[in-house]
Amino acid sequence: MLTKTLGVIFLLCACLYLSAAAGSFERRRVRQSEGMLMLLRHIRTQISCFRTPIGDIYASFCSDELESCGFLPRLREGEDFCTALQECRQSLLLDEEETDLLAAFGKEVGGSYRDEQVEGCDYYIGELERICRNRREEQPKRVRLARSLVLAGGLLLILIFL
């Protein structure tokens, strides 16, 4: 009887931990998307106002979330935007739409005249803002769903084992 009680308590603790981890994961996804949006805005500002070289733009940008996943350090080492995006794909929690959008941006940035780059930045910023807005709106729903599924699964396991 004691082992069953300890097993139930352990299973409940594991479910609560997984539930909290799911919420943390979703919050991190939103922060990374917003970090990418801030990076694009920073690039646009530096290109349009100061005509700053792309390497200097990357060196002057800070985002804790993009630093921790290794994306910004790769950019500062002189890697191409698309290459850094591809190499950090596992640690970046971006979906396919965001990745494709950022890869297209990476191919265009630094490869044309200033006015064309600013127009391109405006387009990609608008698209990424839409994605970030949707992600922010969906975050509470996704967190609740993940928590509900984990807790329901844990309770089901407890019923099966009892």
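Predicted model: local features only at pLDDT ≥ 70, side-chain atom pairs only at ≥ 80, totals over all residues.
Helix 1 is roughly parallel to helix 6 but roughly antiparallel to helix 7.

**Helix 1 and helix 7, one by one**

- Helix 1 covers residues 2–50, which is 49 residues. From its first C-alpha to its last, helix 1 reaches 70 Å, close to the 72 Å expected at 1.5 Å a residue.
- Helix 7 takes in residues 114–161, or 48 residues. Its first and last C-alpha atoms are 66 Å apart, again close to expectation, here 70 Å at 1.5 Å a residue.
- Helix 7 also has a kink of about 40° at Glu-138.

**How helix 1 sits against helix 7**

- A quick bit of background: a pair of packed helices is described by the angle between their axes and the distance between the axes.
- For helix 1 and helix 7, the angle is about 175° and the axes are 8 Å apart. Angles over 145 degrees count as roughly antiparallel, so that's the label for helix 1 and helix 7.
- Sorted by class, the residues where helix 1 touches helix 7 come out as 27 nonpolar, seven polar and 14 charged.

**How helix 6 sits against helix 7**

- Helix 6 spans residues 96–108 and packs on helix 7 at an angle of about 165°, with 11 Å between their axes. Helix 6 and helix 7 are therefore roughly antiparallel too, and their crossing is left-handed.
- On the helix 6 side, the contact uses Glu-97, Glu-98, Leu-101, Leu-102, Ala-104, Phe-105 and Glu-108. Across from them in helix 7 are Gly-120, Cys-121, Tyr-124, Glu-127, Leu-128, Arg-130, Ile-131 and Arg-135.
- The class count for this contact of helix 6 with helix 7 is eight nonpolar, one polar and six charged residues.

**How helix 1 sits against helix 6**

- The axes of helix 1 and helix 6 come within 12 Å and cross at roughly 20°. That makes helix 1 and helix 6 roughly parallel, and this crossing is left-handed.
- Ser-33, Met-36, Leu-40 and Ile-43 of helix 1 meet Glu-98, Leu-102 and Phe-105 of helix 6.
- By class, that contact of helix 1 with helix 6 has five nonpolar residues, one polar and one charged.
- As for the spacing of such residues, an α-helix has 3.6 residues a turn, so residues three or four places apart point the same way.

Methods: Residues numbered from 1 in each chain as written. Heavy atoms only, no water. Helix = DSSP H or I, 4+ residues; strand = E, 2+ residues; numbered from the N terminus. Expected span 1.5 Å × (residues − 1). Bend = angle between axes of the 7 residues up to and from the residue. Axes fitted to C-alpha atoms, helices over the stretch in contact; angles between N-to-C directions. Parallel < 35°, antiparallel > 145°, perpendicular 65-115°, else oblique. Left-handed = near helix turned anticlockwise from the far one by under 90°. Contact = heavy atoms within 4.5 Å. Nonpolar A, V, L, I, M, F, W, Y, C, P; charged D, E, K, R; others polar.
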